[in-house]
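Hi,

Here is the structure I promised to pass on. Have a look at it first, and my notes follow below.

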Amino acid sequence: MKFGKQILNQQTTEWAAHYINYKALKKIINSLQNAQHNERSLPPTPVTFGSLRDHSQPDDFQIFKQQQKTAFFFKLERELEKVNTFYLQKEA
């Protein structure tokens, strides 16, 4: 059984809203992995003398990768805050 399914099967129903949303986090990671795979499978762009690119500028993939990393860590922080808030309420 996959990890995501195990989490769902072991959740306490009345606390389900307070669990980390593993599926949403995994979706962000998978989109990044798929984009990396797709970029690697593209044939290299032929380089001509007039088309030498300035490598100090990020390309579209680098921008996408950074956006996905930012989205992942933002979502992860919100999810951890959600769990932490729940535990603090239960302790009180």
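What pattern does the protein chain follow when read along the sequence? The pattern is α-α-α, and the secondary structure comes to three helices and zero strands. Helices here are DSSP runs of H or I with at least four residues, strands are runs of E with at least two, and both are numbered from the N terminus.

Two notes before you dig in. This is a predicted model, where local features need pLDDT of at least 70 and side-chain atom pairs count only at pLDDT 80 or more, while totals for chains, interfaces and linings use all residues. Residues are numbered from 1 along each chain as its sequence is written, and side-chain values use heavy atoms, with hydrogens and water left out.

Helix α3 covers residues 60-91. The buried residues of α3 are Phe-61, Gln-68, Phe-72, Glu-79, Val-83 and Phe-86. Buried means under 20% relative accessible area, exposed over 50%, and partly exposed in between (1.4 Å probe, protein chains only). Of the 92 residues in the chain, 11% count as buried.

As for contacts (heavy atoms within 4.5 Å), take those between residues at least 6 apart in sequence: 77% of them join residues at least 24 apart.

Now the rings. The whole structure has four aromatic pairs; rings of Phe, Tyr and Trp (its six-membered ring) pair if their centres lie within 6.5 Å, with planes under 30 degrees apart called stacked, over 60 edge-to-face and the rest tilted. Phe-3 and Tyr-22 make an edge-to-face pair, 5.0 Å centre to centre with 75° between the planes. Because Phe-3 lies in helix α1 (residues 3-10) and Tyr-22 in helix α2 (residues 22-41), this pair ties together parts 19 residues apart in sequence. Phe-3 is partly exposed at 48% relative accessibility, and Tyr-22 is also partly exposed, at 29%. Ring pairs also link Trp-15, Phe-86 and Tyr-87 into a cluster.

Lys-5 is found in helix α1 too, and is exposed, with a relative accessible area of 55%. Lys-5 and Lys-23 are 18 residues apart in sequence and 9.6 Å apart in space, C-alpha to C-alpha.

Cheers

How values were computed:
The expected span of a helix is 1.5 Å times one less than its number of residues.
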